[in-house]
Amino acid sequence: MEDKGWDPYAESRNVLNDLNALMQLELPETMFKDGALTTWRLGLLFYSHIVEMSAPYEVLTNLLRFRLGKGYHPNPYYAFLTENDRKRYRRSGLFPKQKIEIIQTLSKESGLEFGGIFDEFYRNDFRNAIAHSDFIFTDIGFRCRNGYGNNAFELSYEQVDDLITRAKVFIGTFFGLEREARGLWGEKAGRGIAYDPIMKGVMEILVDADKLMNGFKVHWPNGSESVYRRTENGIIMDNCMLALDHNTLDLFVGLYAQRRSVFSPLVEEGTAPNYTPLQNGETPFWSP
């Protein structure tokens, strides 16, 4: 649960939109002595922000974990690190190269093998040169002096443009697929979905102003609710808790009935289920 102002994913999208817009501008010569080089410098910031963003790596890794039956985890990489890597991780975290390697391994295990897409735009030496300010623009292209432990290297402007463009395609595709997936689930808003055949919960998809899924609510037949919702004003998380020991989310169902009915342990024998209304005011019902 978080209040407003703790979502780096939302800020990263805004940063990339701003940088992309700035790269399209015709810069006034009175303020920028060499507008073309300024655009290239903005391009490096654009590329760096894309490859450093945490969200795409975390989302892809968790989707692969689900496909492999390993469940969700807020730190999806830790289980796949060696003991030495775990020690380094506790000191300094993971670099993009390590996250990509884990995604590539899991994608092969899952039979999808989409991890190779990173090879199209991610260069570790290029990333390091930008991140450590170890680069110079020359008349013919990009030059790295020290290579951060590697040899010095050069890239032509065509090569740099190719890397930036391919990174842009990647993040644009990621944003587009995320929006499409949330839109498909958003079409289910306003109706109940059977959830938990024992407790007889009814799940409702919650949406934002654009009809994109931004959370869920499980209505339990004893009148209690479990809610998770991500909004611009913060994250709502009621009667939910991360269950890190078995890689999932635990939902709390409220009080059990004293004399449990055949329908659900949450409903008193001889009484009807008591579901709270959906967002549209309709009363949900259990329908497997």
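Visitor: Which residues of helix H6 are buried?
Guide: Buried means under 20% relative accessible area; exposed is over 50%, and partly exposed lies in between (1.4 Å probe, protein chains only). In H6 the buried residues are Asp125, Phe126, Arg127, Asn128, Ala129 and Ile130. That is six of the eight residues in the run 124–131, so H6 is mostly covered. This is a predicted model, in which local features need pLDDT of at least 70, side-chain atom pairs count only at pLDDT 80 or more, and totals for chains, interfaces and linings use all residues. Residues are numbered from 1 along each chain as its sequence is written, and side-chain values use heavy atoms, with hydrogens and water left out.

Visitor: How are helices and strands assigned?
Guide: They are DSSP runs, numbered from the N terminus: helices are H or I with at least four residues, strands are E with at least two.

Visitor: What covers the buried residues of H6?
Guide: Look for contact, meaning heavy atoms within 4.5 Å. The cover includes H2, helix H5 (96–110), strand E3 (141–144), strand E4 (153–156) and helix H7 (157–186).

Visitor: At what angle do the axes of H1 and H2 cross?
Guide: Axes are lines fitted to C-alpha atoms, for helices over the stretch in contact; angles run from 0 to 180 degrees between N-to-C directions. H1 (residues 8–24) and H2 (residues 35–52) have axes that come within 9 Å and cross at roughly 160°. That makes the pair roughly antiparallel (over 145 degrees; under 35 is roughly parallel, 65 to 115 roughly perpendicular, the rest oblique).

Visitor: Which residues of H1 and H2 meet?
Guide: Ser12, Val15, Leu16, Leu19, Asn20, Leu22 and Met23 in H1 meet Thr39, Leu42, Gly43, Leu45, Phe46, His49 and Ile50 in H2. These divide into nine nonpolar, five polar and no charged. Nonpolar covers Ala, Val, Leu, Ile, Met, Phe, Trp, Tyr, Cys and Pro; charged covers Asp, Glu, Lys and Arg; the others, Gly among them, are polar.

Visitor: Where is confidence lowest, and where highest?
Guide: pLDDT is the predictor's confidence in each residue, from 0 to 100. It is lowest in strand E1 (residues 2–3), at a mean of 84, and highest in E6, at 98. The protein averages 94, and 99% of the residues score at least 70.
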